[in-house]
Amino acid sequence: MPEKKPHIIICSDLPGKSDQLSLALAEDYHLTNINTTDTLLDISYQQLPDVIIININLNKVGGFKACEQLKSNEATVDIPVIFISEIFDETDTIKAFNAGAVDYMKYAFHQKELRARIRNHLMLKQSRENLKKKNQLLTSTMSKENERLQQLMEATIRAIVQTVESRDPYTAGHQQRVSDLSYEIAKVMALDASQKMAIKYAGILHDIGKLRVPDAILNRPGKLLSIEFDVLKIHPQIGSDILDTVPSPWPLSRIILEHHERLDGSGYPNGITSDNMLIESKVIAVADVMEAMSSHRPYRPSQGIDLALEEINNQKGLLYDEQTVDTCTHLFVKGNYKFGW
Ligand SMILES: [Fe+2]
């Protein structure tokens with residue numbers, strides 16, 4: 001099969017000049033001649049030529065404008081545009097290059113030079129297209145690899161969570177439910193993508209520090225003694241220390257450390273106040289209380305969603321972040337949100 005000739009659109013309202021160009025290029029290129037810049041855009045969008053040559057002598061503004069429009073359209077941005085003129089005019093040359101042209105020539109050209117210039121522009125265009133294809137391939141490979149790594153990370157996290165929760169059957173699924181609610185709250189609050197991912201993963205792992213809390217305390221029926229509660233209160237620090245050793249793009253260690261802190265400084269382990277807490281930690285704190293109060297515990301039955309909502313609203317702005325509480329309340333009351341028990 002004969003090789004397909006590259007396609008050039010020649011836009012000139014000077015018939016003699018078009019012929020001059022056609023004569024020089026007809027052998028190597030498939031040519032389309034048009035005689036006004038008015039139709040140049042439509043024809044270029046339809047035919048997507050390999051090169052466009054625009055005569056600059058008449059309707060200069062139309063030519064520059066058409067070039068600018070071609071360069072602002074994704075389909076035609078990479079098509080080399082060459083302006084050709086009877087005279088060399090410095091102002092026009094600058095305008096042509098500013099409009100996105102790759103070359104500016106005079107009609108008094110040598111045919112070999114014209115063909116050589118066009119060949120070079122075509123080679124550059126081809127190189128750009130090859131680069132673009134390689135880039136797309138690389139991006140798609142990377143995004144598949146990222147997806148695979150994310151699946152691997154999530155499976156690992158699930159395995160860790162199951163290990164933690166197997167020691168504390170009363171809270172099985174608690175971290176997942178806190179993560180799910182926190183993530184929904186973060187979405188409605190329009191937190192950025194990185195904050196949402198941080199909340200999702202910190203939510204799933206927030207009680208990982210309970211690995212170091214003795215079974216006897218985790219599974220003790222009835223209310224904990226003060227000394228036992230002191231032991232339980234180490235779990236945010238332990239969890240934070242564990243996550244500190246894991247490289248992560250998100251501040252998981254800090255969020256886990258802060259998930260039992262309260263705005264007024266009455267939380268633990270460090271008693272920090274609102275200004276020193278991350279919003280991610282404030283969201284997880286609210287979701288954690290909602291889930292914990294709604295669930296059955298060895299020392300008490302479920303207190304129900306309504307009581308949990310009452311608690312976070314009573315303490316809104318005092319212990320819990322105002323916007324988070326409002327968003328959470330809206331999700332349950334208007335959005336009919338339900339925990340996936
Ligand atoms: Fe906790």
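**Exercise 1. Is His235 buried or exposed?**

*Solution.* Start with the relative accessible area: under 20% is buried, over 50% is exposed and anything in between is partly exposed, using a 1.4 Å probe and protein chains only. His235 has a relative accessibility of 2%, so it counts as buried. Now try His259: its value is 1%, so it is buried too.

Before you go on, a word on the model and its numbering: this is a predicted model, where local features need pLDDT of at least 70 and side-chain atom pairs count only at pLDDT 80 or more, while totals for chains, interfaces and linings use all residues. Residues are numbered from 1 along each chain as its sequence is written, and side-chain values use heavy atoms, leaving out hydrogens and water.

**Exercise 2. Find the residues that coordinate the iron ion, and describe the site.**

*Solution.* Step one is to look for donors, meaning N, O and S atoms within 2.8 Å of the metal (3.2 Å for Na, K and Ca); water is not among the atoms, so sites may look incomplete. The iron ion is held by Asp207 through OD, and by His235, His259 and His260 through NE2, at 2.1 to 2.4 Å.

Step two is the geometry. Four donors are called tetrahedral if all angles lie between 85 and 135 degrees; four are square planar and six octahedral if opposite donors are over 155 degrees apart and all others between 65 and 115; anything else is irregular. Here the angles among the four donor atoms run from 84 to 173°, and the site is irregular.

Step three is the sequence, where the donor residues follow the spacing D-x27-H-x23-H-H. His235 sits in helix H10 (235–244) and His259 in the loop between helix H11 (252–258) and helix H12 (279–294), so this pair ties together parts 24 residues apart in sequence. Helices (H or I, at least four residues) and strands (E, at least two) are DSSP runs, numbered from the N terminus.

**Exercise 3. Which residues of helix H4 are buried, and what do they pack against?**

*Solution.* Begin with the helix itself: in H4 (residues 90–98), the buried residues are Asp92, Thr93 and Ala96. Viewed down the axis, they fall within an arc of 105°, so they line one face of H4. The arc is that of the directions from the helix axis to the C-beta atoms.

Then look around H4. Its buried residues pack against helix H3 (60–71), strand E4 (81–85) and strand E5 (103–106). On the face turned away from the buried side you find the exposed residues Glu90 and Asn98.

Phe64 is buried, with 8% relative accessible area, and its contacts include Asp92 and Ala96. Phe64 and Ala96 are 32 residues apart in sequence, yet 6.2 Å apart from C-alpha to C-alpha.

**Exercise 4. Repeat the analysis for helix H13: where do its buried residues lie?**

*Solution.* In H13 (residues 304–314), Ala308, Leu309 and Ile312 are buried. Their arc around the axis is only 100°, which puts them on the same side of H13. H12 and helix H14 (322–333) are among what covers them. Turned away from that side are the exposed residues Asp306 and Asn314.

Note on methods. Contact = heavy atoms within 4.5 Å. Lists of a residue's contacts leave out its neighbours within four places in sequence.
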